[in-house]
Amino acid sequence: LMKESRMKKSLTAIAVIAAMSVPFAANAGVYGAANVAVVGSSADGAEMHIDTQKKRGNAIGAKGSMDTNIADFKATYKFEVGLNGDDGSYFERDTNVGMASKSLGSVTAGTISIGYKRTGKSIDPNFTTPFEGRGGLGMMSGQHGGTKDGGGRSTNTVEYVSPSISGAKVNAHYNLAEAAANNIGAGLTYSGGPAKAFVQYMGAAEDKTFTKFGGAFSMSGATVGVQYEMYADATTGG
């Protein structure tokens, strides 16, 4: 009975997202993703099992924009829920609204995958698999995960991203929950040709700070990425 109830909630959430996307149909995009992987075997290798990834990367959502009468600004939105592959329950992912301008940048408010998380994801091809650096391999801090105030997917957050200037962008965010750890952050990203680079900082309450820099280079269909983190009172995984 519990599983059936959760499935109904999931279907309800999907219906709500579909309904909300209707007024923006001209510029809307409805999308979804599901991840399935073979991740283990018995001692003799004869039996393999399928991992539905639980919360990793299984999502359905809608995003888009709408023209306004204010200069070159567009109203933007994104509504996304994650699906638990084990029991069909759902949970919040990126859910936000904002305003975007090619000349002035964008301001977004809500639940946001902030710059610290986005840059880590951009260099990890296994980010939504059991072999991701933030979890399975323990090569990234837990700040790349978690939907919460001050998490990698930060709730109650306002973020500004500048327009691109010669491939460089500035990002900054603030979490409105004053008691949250890491409720401020800023960074600089660069993308040009085959190369990209970034530096990101997070910190505030509870004396927890995170600083990292890294980048990636692509050539002949192959990409090499690197990231170095410095943090205090933090744990890997998540």
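**Ground rules.** I'm looking at a predicted model, where local features need pLDDT of at least 70, side-chain atom pairs count only at pLDDT 80 or more, and totals for chains, interfaces and linings use all residues. Residues are numbered from 1 along each chain as its sequence is written, and side-chain values use heavy atoms, with hydrogens and water left out.

**Confidence.** I checked pLDDT, the predictor's confidence in each residue on a scale from 0 to 100. The protein averages 78, and 70% of the residues score at least 70.

**Salt bridges.** How many salt bridges are there? I get five, counting a side-chain nitrogen of Lys or Arg within 4 Å of a carboxyl oxygen of Asp or Glu. Side chains of opposite charge can pair when their charged atoms come close.

I started with Asp67 and Lys74, whose side chains meet at 3.9 Å, N to O. For cover I use relative accessible area: buried is under 20%, exposed is over 50%, and partly exposed is in between (1.4 Å probe, protein chains only). Asp67 is exposed because its value is 55%, while Lys74 counts as partly exposed because it has 36%.

Next came Lys78 and Asp94, a salt bridge at 3.6 Å, N to O. Lys78 sits in strand E5 (residues 74-83) and Asp94 in strand E6 (residues 90-101), so this pair ties together parts 16 residues apart in sequence. Strands (E, at least two residues) are DSSP runs numbered from the N terminus. Are Lys78 and Asp94 buried or exposed? Lys78 is buried, and so is Asp94.

Asp94 also forms a salt bridge with Arg153, with the closest N and O atoms 2.8 Å apart. That one links strand E6 to strand E9, where Arg153 lies, across 59 residues. Both Asp94 and Arg153 are buried. Shared partners join Lys78, Asp94 and Arg153 into one network.

**Glu159.** I stayed in strand E9 (residues 153-161), where Glu159 is found. Glu159 counts as buried because its relative accessibility is 4%. Its side chain makes a polar contact of 3.1 Å with the side chain of Arg118; that term means a pair of N or O atoms within 3.5 Å, where within protein one must be able to donate a hydrogen and the other to accept it, and residues adjacent in sequence count only if both atoms are side-chain atoms. Leaving out residues up to four places away in sequence, Glu159 touches a list of residues including Ser106, Ile112, Gly115 and His173.

**Tyr201 and the patch.** Tyr201 is in strand E12 (residues 195-203). Tyr201 counts as partly exposed because its relative accessibility is 35%. Which residues make the nonpolar surface patch? Val107, Val158, Tyr160, Tyr174, Leu176, Ile184 and Tyr201 do, over about 580 Å². Patch members need over 30% relative accessible area and no salt bridge; like charges are joined within 9 Å, nonpolar side chains (Val, Leu, Ile, Met, Phe, Trp, Tyr) within 5 Å. The areas come from the Shrake-Rupley method with a 1.4 Å probe, and for residues only the protein chains shown count as cover.

**Ser220.** Last stop: the loop between strand E13 (209-219) and strand E14 (222-231), which holds Ser220. Ser220 is exposed because its relative accessible area is 77%.

Notes: Helix = DSSP H or I, 4+ residues; strand = E, 2+ residues; numbered from the N terminus. Contact = heavy atoms within 4.5 Å.
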